[in-house]
Amino acid sequence: MKWRSLEEAAPVEDNRSLREQLAERKELSAKYVPKETQAIHARVIAELKAQSNSLSPRAKAPEFLLNDHNGKPISSAELLNRGRLVICFFRGRWCPFCVGQLEAMNQILPSIVQAQASLVAISPQTVQQSFFMADQHKLRFPLLSDSANQVAKQFGLAYRVPDYQQEVYRRVFINLPFTNGDESWELPIPATYILDRNGAVIYASINPDYTVRPEPSEILVKLKGGLL
């Protein structure tokens, strides 16, 4: 699959559901990715599902202070002072499923703001990589750089990419040490949270299967009081 370069035209909004968009990307992966490679990814997903220990609803989320894609410090406490906070943990700009989710969330940003909430996305990639991603995909919310997955670990999401999967990534030029700026080969499980103003988790969608993400419309329902 070919992804837009920085020089190419601005992305065109896709008005299909996120589920439809990701299903299309999954079909393309199934068509072009060798079966043995698909089996490796499926093995990692199964292992992660068996050992999941992530932050769940009603738990108190840890506070964080991270730099955004422009190098500006962003405080969760400051954001929560304004209202609820939506947090998307994603793997990186190299992941087409992460790109699809963040582009879809970008489309509902005005509705999130209207609901008196904020949106941020957190990944272990460097500030520079986040800048490239925000610029390329015209994202209008902060992409926060979680060095060494420190915040993801507090949320119970971080894991080390197994050696047998590292070999696959290297073959397709996914260079996590370069992208993330460290040699840990750690990533977060994709997750979307909504925090109430007191920092309590009122919604959590965590899925080790990186091809599955919550619908933006579902996030809006929860933001507008669907859980309360």
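This report walks through some strands, helices and loops of a predicted model.

## Before we start

Residues are counted from 1 along each chain as its sequence is written, and side-chain values rest on heavy atoms, with hydrogens and water left out. Because the model is predicted, local features need pLDDT of at least 70 and side-chain atom pairs count only at pLDDT 80 or more, while totals for chains, interfaces and linings use all residues.

Helices (H or I, at least four residues) and strands (E, at least two) are DSSP runs, numbered from the N terminus.

Which strands pair with β3? One is strand β4 (residues 117-123), which pairs with β3 in the parallel sense over six bridges. Another is strand β8 (residues 191-195), which runs antiparallel to β3 and is joined to it by five bridges. Two strands are said to pair if DSSP finds at least two bridges between them. Cys88 stands opposite Ala121 in β4, and its bridge partner in β8 is Thr192. Leu85, for its part, stands opposite Leu195 in β8.

Let us move across to β8, where five of the five residues are buried. Ala191, Tyr193 and Leu195 lie on one side, Thr192 and Ile194 lie on the other, and both faces are covered.

β8 also pairs with strand β9 (residues 201-206), in the antiparallel sense and over five bridges. Within this pairing, Tyr193 stands opposite Ala204 in β9. The hairpin of β8 and β9 has five residues between the strands, and Gly199 there takes a positive phi near 90°.

## Two pairs of packed helices

Two packed helices are described by the angle between their axes and the distance between the axes. Axes are lines fitted to C-alpha atoms, for helices over the stretch in contact, and angles run from 0 to 180 degrees between N-to-C directions. Angles under 35 degrees count as roughly parallel, over 145 as roughly antiparallel, 65 to 115 as roughly perpendicular and the rest as oblique. A crossing is left-handed if the near helix is turned anticlockwise from the far one by less than a right angle, and right-handed if clockwise.

Helix α1 (residues 18-32) packs against helix α4 (residues 96-107) at about 165°, with the axes 10 Å apart. The two are therefore roughly antiparallel, and their crossing is right-handed. Residues of α1 including Leu18, Leu22 and Arg25 meet residues of α4, among them Pro96, Phe97 and Val99; contact means heavy atoms within 4.5 Å. By class, this contact of α1 with α4 has six nonpolar, three polar and three charged residues. Ala, Val, Leu, Ile, Met, Phe, Trp, Tyr, Cys and Pro count as nonpolar, Asp, Glu, Lys and Arg as charged, and the others, Gly among them, as polar.

Helix α2 (residues 35-50) and helix α8 (residues 163-171) pack at about 135°, with their axes 10 Å apart. This pair is therefore oblique, and α2 passes α8 in a left-handed crossing. Among the α2 residues in the contact are Ile40, His41 and Val44, and α8 contributes residues including Tyr164, Val168 and Tyr169. The contact of α2 with α8 has five nonpolar, three polar and three charged residues.

## Helix α6

In helix α6 (residues 127-137), the buried residues include Gln129, Met133 and His137. What covers the buried residues of α6 includes α4, β4, β5 and α9. Just after α6, Lys138 takes a positive phi of about 55°.

## Loop residues to look for

Most residues other than glycine have a negative phi. Asn149, in the loop between β5 (143-145) and α7 (150-154), has a positive phi near 55°. Asn149 is buried, with a relative accessible area of 1%.

Trp185 lies in the loop between α9 and β7 and also has a positive phi, near 55°. At 5% relative accessibility, Trp185 counts as buried. Asp182 is in the loop between α9 (176-180) and β7 (186-188), where Asp182 touches Ala148, Leu176 and Pro177, not counting residues up to four places away in sequence.

Terms used:
Buried means under 20% relative accessible area, exposed over 50%, partly exposed in between (1.4 Å probe, protein chains only).
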